[in-house]
Amino acid sequence: MSAKSITFDRFDMGIDLRKGASVADANRLREMKNAYVTTGLATQKRPGLIKVATLEPGTKGLFAAFGKLNTFSGGAVTHANALFNCYKLEFENRAIKQVWFADVFNAHVYASVEYENGVVKHHYTDNGATLISDANCPHSKAAIKADSKIFATKGEVVRFSKTNAPRDWTTANDAGFLPTGLQFRGDREANALGIYQNNLVVLSRDSAQIWNTDPDPTAMSLIDQVYNVGTSYPRTVTNVGGDLYFLSDYGFRSITTLQYTNNLADVDIGSPIDVLVRNEIKTNSNVPMSYYYYGTGQYLCMIGNRIFVYSISRTSKIAAWSRYELPINADAFAELNGQLYIRSGDDVYRLSEEASDDNGQAYEVLLELPYMDLKAPGQLKRILGTDIVMDGECYFSVAYDVRNPRAVTPAVKVKGNTRPNGVVPVECAGTEFSLRFRNMSKKPFRLDAVTIYYESMGAI
């Protein structure tokens, strides 16, 4: 019998668990841990963490503005590190628990803050008395800036401030509210706000409304609605390349305009990893937080020490999910000058492509392909060996029986491009095979291609 070969050089679909392990496509991985898909359609180790600073105690949050990483405190705190600035927010001298929203408004910072007693208050840093005292201010978690106003949820309505006056939520014919609850079919409470095509999106738990906003309240109107999709997680609503992504109770979803019809619809961009995400939000008590990292073109959703990563590139036709596991819990994050910073407690780290470990600690990269029949279903095959094209090193093994998780060849340590050095001896027999790659070094790692050499042994 003559030996055959087959090469796999595209892993651009990332994690996809919608099909069973033995029927999924070869470029749809079963696992991609601490790695992501590059625009060159390779699989690369995620950036590592570099510790930037340990902040003085008593502050919360992380918000990039005015060339600084800004924090918030209920008392006076001065950061020794010049990269950081602290805003003092006064409310009964209470300690801050969580910063739900922060944005620059007319050269000052507007913030929605939750205190340790569970009370949420809005603040504006244009003077020392930061607390918004207007009785009509909703003091809610979800807020957003649009058309020179601040919009914020308030039960079954969304209130908005006076134009260019975020402290004023009362002035007639300028401040007011949108009656969103009248339009929702299911849950009437507005949970989250976003911006889609310069319009305001109001999301309840199970539906979404799109409103045209304007400095003149009489010009505001309901444009469209999307049913059966919404969110309970206001910090996950993120604008991504003109679309709006968010975490629903069932997984990641987006709102987009369907081509040709100009109708809005929900798109289940997260369906490949729904099973992972649903389990995570059921068992993890941390607040989910999302961000679109322009530096890498990735949508990141952080839940505790786990990050679900959606790598997107229209030019390279990439739409791939992976997941990162960090040695820290992410409490807040911000992007400053193209660098992503993550806060955990009082420690702040930078997620950097210059690092291949987490502040000196090695982390595991794990890639697992589905079971592949090598284009000969039902035929017994004997694998003779493999060639791997990669940067760095890994431990390589082959699973050869989908019915038995323990049916895996002993791991072989492989370095660099093996093609010039002869075949890597990995032998096993079966009808379908899953390739496994594991990296535990403190050095860069990128997988470009793998070639399997095998013999066909006929039908079973």
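**Close-up views of a predicted model**

**View 1. The largest pocket and its lining.** Strand β9 gives the most to the lining of the largest pocket, contributing six residues, where strands (E, at least two residues) and helices (H or I, at least four) are DSSP runs numbered from the N terminus. This is a predicted model, in which local features need pLDDT of at least 70 and side-chain atom pairs count only at pLDDT 80 or more, while totals for chains, interfaces and linings use all residues. Residues are numbered from 1 along each chain as its sequence is written, and side-chain values use heavy atoms, with hydrogens and water left out. The space in the largest pocket comes to about 1,000 Å³; a pocket is an open set of points, on a 1 Å grid over the protein atoms alone, with protein on both sides within 12 Å along at least five of seven lines, a 1.4 Å probe being used, and lining residues have an atom within 4 Å of a point. Among the 35 lining residues, Phe101, Ala102, Val237, Ser290 and Tyr291 are the closest to the centre of the pocket. Elements that give two or more residues to this lining include β6 (59-65), β9 (96-105), β24 (289-293) and β28.

**View 2. The open sheet containing β28.** Four strands, in the order β5-β30-β29-β28, form an open sheet with antiparallel pairing, two strands being paired if DSSP finds at least two bridges between them. Strands β5 (48-54) and β28 (332-336) are the edge strands, each of which pairs on one side only. Within the sheet, β29 (residues 339-344) pairs with β30 (residues 347-352) in the antiparallel sense over five bridges, and Leu340 stands opposite Leu351 in β30.

**View 3. The two faces of helix α1.** In helix α1 (residues 274-283), the buried residues are Asp274, Val277, Glu280 and Ile281. Seen down the axis of α1, these residues fall within an arc of 130°, so they line one face of the helix, the arc being that of the directions from the helix axis to the C-beta atoms. Val275, Lys282 and Thr283 are the exposed residues on the face turned away from the buried side; buried means under 20% relative accessible area and exposed over 50%, with partly exposed in between (1.4 Å probe, protein chains only).

**View 4. Cysteines without disulfides.** A search of the whole structure finds zero disulfides, a disulfide being a pair of cysteine sulfur atoms within 2.5 Å. For Cys428, which is in no disulfide, the nearest cysteine sulfur is that of Cys394, 16 Å away. Cys428 counts as buried at 9% relative accessibility, and Cys137 is also buried, with a relative accessible area of 4%.

Definitions and conventions: Grid points are joined across faces, edges and corners, and a volume is the space filled by probe spheres set on the points.
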